[in-house]
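Let's take a walk through a protein model and stop at a few spots that are worth a look. Keep the picture open while you read.

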Amino acid sequence: MADGNADWMGSLPPALRSLPLSNLAIPGSHDSFSYWVDEKSPVGPDQAKAIKRLARISLVRKIMKKWSVTQNLTFKEQLEGGIRYFDLRVSSKPGEIGQEIYFIHGLFGIKVWDGLKEMNSFLEQHPKEVIFLDFNHFYAMDDSHHHFLISRIRSAFESKLCCVECVEYVTLLYMWKKKYQEYPFLWPGNKMPAPWANTTNVHKLLQFLETTLGERSRYGTFHVSQAILTPRVKTIARHLVRGLKNTLVHRNLPMILNWVKAQKPGVMGVNIITSDFVELVDFAATVIALNDLLLEENESAT
C-alpha cells in the first residue's frame, strides 16, 4: 500500500476543500486495530461462554486469530496509505486491576492508549489530514472505564478534537481553520450510521450497500458503507485453518473493488467506505480517486 496517500486530504483541489466531509469519498478500515491480537491472553468478553471454554486450548486460540485478524497494517501504515476512518472496539481485561482499555476482536489487541499515541504522532507530522475514530463496541466497561477512555482520548489529541457540529458545516477548510484533525469527539453514533450487511454472499452485500446508500440522503449524516463479508459459524467450521483472508476476502475483493470504482461521492452517493485487509488491492487510492468526479461535476457547473 503506497504511502503516497499520506497527505491526500491536504492535496485536494481548492474546490473540494469547502465541500462537507460527508460529501467526500473517504477510505476506512474494518476492525482497524486487529493487525495484532494476543493469542496468549484470555479470550475477550465479546465471545460466548462456549467459545471461552474451548479457548483454554492454545490451538483454538491460534485458529481464532486467523478469524479475528482483519488487517495486516499498523495504524501508522494505514494512515500513510490514506486510511482516514477507523472502526474501533474496546474492552477492559476482566480481572485486571486498574482501568486500562484494550482493543478487542475475539482476542485482545494493543492498549488503546498506544494506538491513540501512534495516530497523534501521524497527525503532528501531517497537519492537514483529518481522521474519524468510531468507537462502536464496548465490553466489560463501567462508568470509570468510560471516563478513563475519554481522558485518554483528550490526552492524546488535545486541541485537535473537533466539537459536535452540524454535519454539513464540517469541511476541510473549517477543520484547518480551527486546527482540528480528530473527528469526531464524542459525537452521537447516529451522526455516523454504519449499516452492516452481515452476509457471506458478495452479491447480497453489494445489493445491501446500494439499498442503504439510497436511503442516506434523508438523514443528513456521515455514512459508512461497510464493504465487508462476515463469516457464519458454519463458514468458520468448514474452513477452520484457512482463516478469514483466504476464505472470504481474497476471492471477493476484486468484485467489491469493482463496485467501489462504479460509485460517486456526494449527497446521494458514497462517503466513508471500509474494507478488510486494505492493502490487498489498491483500496484507499481507488476510494480517494472517486473525489475527482466531484471536481468534474464542479467544473461542469461553472
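On the face of α8 that is turned away from its buried side, you'll find the exposed residues His203, Lys204, Gln207 and Gly214. Keep in mind that this is a predicted model. Helix α8 runs over residues 202-216, 15 residues in total. From its first C-alpha to its last it reaches 21 Å, close to the 21 Å expected at 1.5 Å a residue.

So which residues of α8 are buried? They are Val202, Leu205, Leu206, Leu209, Thr212, Leu213 and Arg216. These residues sit on the same side of α8, because they cover an arc of only 135 degrees around the axis. Here's some background: an α-helix has 3.6 residues a turn, so residues three or four places apart point the same way.

What do the buried residues of α8 pack against? Their partners are β7 (224-226) and α10 (243-261).

Now look at the N-terminal end of α8, which is capped by Asn201.

Next up are the aromatic rings: the structure holds eight aromatic pairs. Take Tyr35 and Phe75, whose ring centres are 5.6 Å apart. Their planes are at 85 degrees, over the cut-off of 60, so this pair counts as edge-to-face. Tyr35 lies in the loop between β1 (26-29) and α2 (49-54), while Phe75 is in helix α4 (residues 75-80), so the pair ties together parts that are 40 residues apart in sequence.

Are Tyr35 and Phe75 buried or exposed? Both of them are buried. They also belong to a cluster: ring pairs link Phe33, Tyr35, Phe75, Phe86 and Phe103.

## Lysines over rings

Lys93 lies over the face of Phe108, at 5.3 Å from the ring centre. Over at Phe277, the charged end of Lys245 sits over the ring, 5.2 Å from its centre.

## A histidine in a loop

His126 has its place in the loop between α5 (112-125) and β5 (131-139). It counts as buried because its relative accessibility is 12%, which is under the 20% cut-off. Leaving aside residues up to four places away in sequence, His126 touches Ala6, Asp7 and Gln181.

How many residues apart in sequence are His126 and Gly10? The answer is 116, yet in space they are 8.4 Å apart, C-alpha to C-alpha.

## Two positive phi angles

Finally, check the backbone at Asp31, where phi is near 45 degrees, a positive value in a residue other than glycine. Asp31 is in the loop between β1 and α2, and with a relative accessible area of 0% it is buried.

Ala140 isn't a glycine either, but it has a positive phi of about 50 degrees. You'll find Ala140 in the loop between β5 and α6 (143-157). Its relative accessible area is 40%, so Ala140 is partly exposed.

Methods. Residues numbered from 1 in each chain as written. Predicted model: local features only at pLDDT ≥ 70, side-chain atom pairs only at ≥ 80, totals over all residues. Heavy atoms only, no water. Helix = DSSP H or I, 4+ residues; strand = E, 2+ residues; numbered from the N terminus. Expected span 1.5 Å × (residues − 1). Buried < 20%, exposed > 50% of the residue type's maximum accessible area, 1.4 Å probe, protein only. Arc of directions from axis to C-beta. Contact = heavy atoms within 4.5 Å. Polar contact = N/O pair within 3.5 Å; in protein donor to acceptor, adjacent residues only side chain to side chain. Phe/Tyr/Trp six-rings, centres within 6.5 Å; stacked < 30°, edge-to-face > 60°. Lys NZ or Arg CZ within 6 Å of the ring centre and 35° of its normal.
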